[in-house]
Amino acid sequence: MSLISMEFLLFVLVAAVGYYLIPKKYQWLWLLVFSYIYYASSGVKLLLFLVYTTGTTYAAGRLLEKVEQKELPKKEAKAAKRRILTLGLLLNFGMLAVLKYTNFAVANVNAIFHTSFSFQKWMLPLGISFYTFQSMGYLLDVYWGKCKAEKNPLRFALFVSFFPQILQGPIGRFDRLAVQLYQEHRFDLQRMQYALQLILWGFFKKLVLADRAAVVVNQVFLNYTQYSGVLNLVAVLMYSVQLYMDFSGGMDVVMGVASLFGIELDQNFKRPYFAVSITDFWHRWHITLGTWMKDYVFYPVSLSKWMGRIGKWSKKVFGKKTGRVIPICIANLIVFLLVGVWHGAAWKFIAYGLYHGLIISVSSLLAPVYRKGLEIFSINQKSGGWKVVQILRTFVLINISWYFDMAVSLSAAFTMMKTTVTGFSLSAFQDGSLLTLGLDWLDYLILLVGCLVVFFISFRQERGVKIRESLAEKPLLFRWAVYGMLLFGIPMFGYVMTTTGGFIYAQF
Amino acid sequence: MEQLLEILSEIQPDVDYKTCTTLIDDEWLDSFAILSIVSELEEAFDIGITPADIVPENFNSAQALYQMVKRLQEEG
């Protein structure tokens, strides 16, 4: 059941009306029932995978707590807890790895050893990456004593399966999400209005902008050898529009729907194209994946014994300052390798992750040189002009990474980059080539105006303006003009795709 | 405390560590800076910091960091 289907809207309506009519103490149970119905709608058999993750994580969490209560000697308790944690992680990440990466492994083994192992035709359970990461985050939190294990298996099942977020996140944290899921919620008209506005905004980004930009993206990326450099560049810029509008639009719908039930999910986007560096970009793009990686991979790997040994060695060899940063850079590369692999089982995604990781690591190592350079050229780091330069520089670097992300293969990504540079000519803007990519001039105009609207709103948000609160203070006529434009504009200007247009991140 | 302030200033200058109580919340320290601080604290005070200790409550101010160091020293 796609988030942009009429069935989904009806499903949410029934769920929300019932939620506020039944006795409040059963609200969480109501959400659980609807979450399982929602997941089952994508395939009843897939529920088995969801139950597997829920069951194994719940059991591991409870076992960890039992060890804690036994008052065993410190060393013995630590070893027992580590065994339980390892088993829990293996059972779940193992399942994810087998389902998601077997065919990638088979393809590489066949290519290297000239074997002919057959590919598996397993169906990847929807949202498995998201709910597995969310569950394993919980398990690690229990292991570290950051939160208590949930005693009620049904309540825990809701934490894993809460329907608005299960397909494409945001990846929730137990301490912030669970308490809201189990709370009793009163109907709040203001919250409902804000939630509906956010949902409409998400539909606008997805249906008017993302699906329209996707036409050019698919045409050029799938037939990249037929197009000139400038059209390759247009396609990658369109992809930066499509991916952001698709993913952040989806998040707006998800967060709006959750808010209808009184649940505020963690922010996943903070105007990423205003980032001044790649590090800043990852603080603004898919935030919950970034913070998950930071807390559950980056810190543990950096603080591990073997990384400590590398740190001591590098301090001896490279001196205190550089030596201190080297193990952190290695951990950072491991994180971004995983971010790449998380996006999909292909070499292009590994290149995508390592590209980001390398830029962040090298920037960190060269930070003193960079600071010196700014001093020499007397650049005022706080000036508006310098900020614009930083934003543009980051945007270019991000767009280079989109070649890896969207190209059909790693070699196609490099070919497209080469064509962009070597076959660049502005004639495509004059000879009508732009109109051969599946969109007419009106589509381009809608895209331009739509992007300017999003830019204007994002700019205001960057300045600290809260858009919905600010809108609520405007005169009635103005407010309803905005609602009207969204309500009628979306069906009027929404791009009708010939295929069923799902969300990009719902494939993970 | 003086030694701690010296470590912080060396890793991330331009912050008034004596008054700032939002080192994490206001993003004065990024994850690279946090790990550099951890590495220096472990060496200077002979303590072991675990991922469970890296929470905003322990890193939001120099005072909070000092309290964490003292606690970890006591725990041995």
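**Helix 7, chain A**

I began with the buried residues of helix 7 (residues 174-182) of chain A, which are A:Phe174, A:Leu177, A:Ala178 and A:Leu181. Buried takes 20 or more other C-beta atoms within 10 Å of the residue's own, exposed takes 12 or fewer, and partly exposed lies in between, with C-beta atoms placed from the backbone. Seen down the axis of helix 7 of chain A, the buried residues fall within an arc of 95°, so they line one face of the helix. That arc is taken from the directions from the helix axis to the C-beta atoms. An α-helix has 3.6 residues a turn, so residues three or four places apart point the same way.

On the other side of helix 7 of chain A I found A:Asp175, A:Arg176 and A:Val179 exposed. The cover over the buried residues includes helix 2 (27-40), helix 5 (128-144) and helix 6 (153-161) of chain A.

I noted the source. This is a predicted model, where local features need pLDDT of at least 70, side-chain atom pairs count only at pLDDT 80 or more, and totals for chains, interfaces and linings use all residues. Residues are numbered from 1 along each chain as its sequence is written, while chains are lettered from A and ligands numbered from 1 in the order in which they are written.

Helices (H or I, at least four residues) and strands (E, at least two) are DSSP runs, numbered from the N terminus.

I looked at A:Pro170, in the loop between helix 6 and helix 7 of chain A. A cis peptide bond joins A:Gly169 to A:Pro170, with omega about 5°. Most residues other than glycine have a negative phi, and most peptide bonds are trans.

**Helix 2 against helix 6, chain A**

I took the axes next. Those of helix 2 and helix 6 of chain A come within 9 Å and cross at roughly 50°. Axes are lines fitted to C-alpha atoms, for helices over the stretch in contact, and angles run from 0 to 180 degrees between N-to-C directions. Helix 2 and helix 6 of chain A are therefore oblique to each other. Under 35 degrees counts as roughly parallel, over 145 as roughly antiparallel, 65 to 115 as roughly perpendicular and the rest as oblique.

Helix 2 of chain A passes helix 6 of chain A in a left-handed crossing. Left-handed says that the near helix is turned anticlockwise from the far one by less than a right angle; right-handed is clockwise.

From helix 2 of chain A, A:Trp28, A:Leu31, A:Leu32, A:Ser35, A:Tyr36 and A:Tyr39 meet A:Leu154, A:Arg155, A:Ala157, A:Leu158 and A:Ser161 of helix 6 of chain A. Contact needs C-beta atoms, placed from the backbone, within 7 Å. By class, this contact of helix 2 with helix 6 of chain A has eight nonpolar residues, two polar and one charged. Ala, Val, Leu, Ile, Met, Phe, Trp, Tyr, Cys and Pro count as nonpolar, Asp, Glu, Lys and Arg as charged, and the others, Gly among them, as polar.

**Helix 8 against helix 9, chain A**

I compared a second pair. The axes of helix 8 (residues 189-222) and helix 9 (residues 229-260) of chain A come within 6 Å and cross at roughly 155°. That makes helix 8 of chain A roughly antiparallel to helix 9 of chain A. The crossing of helix 8 past helix 9 of chain A is left-handed. Their contact has 27 nonpolar, eight polar and five charged residues.

**Chain A with chain B**

I turned to the contact between chains. It takes 15 residues from chain A and 12 residues from chain B. Helix 11 (287-302) and helix 13 (320-343) of chain A are the elements giving two or more residues to the side of chain A that touches chain B. Helix 11 of chain A gives the largest share of that side, five residues. The residues of that side divide into seven nonpolar, five polar and three charged.

**Single residues**

I checked A:Ala413 in helix 17 (residues 410-422) of chain A. A:Ala413 counts as buried, with 24 C-beta neighbours inside 10 Å. Beyond residues up to four places away in sequence, A:Ala413 touches A:Lys348, A:Tyr403, A:Phe404 and A:Ala407.

I found A:Ser378 in the loop between helix 15 (367-376) and helix 16 (384-406) of chain A. Phi of A:Ser378 is near 50°, a positive value in a residue other than glycine. A:Ser378 is exposed, with 6 other C-beta atoms within 10 Å.

Methods: Contact = placed C-beta atoms within 7 Å.
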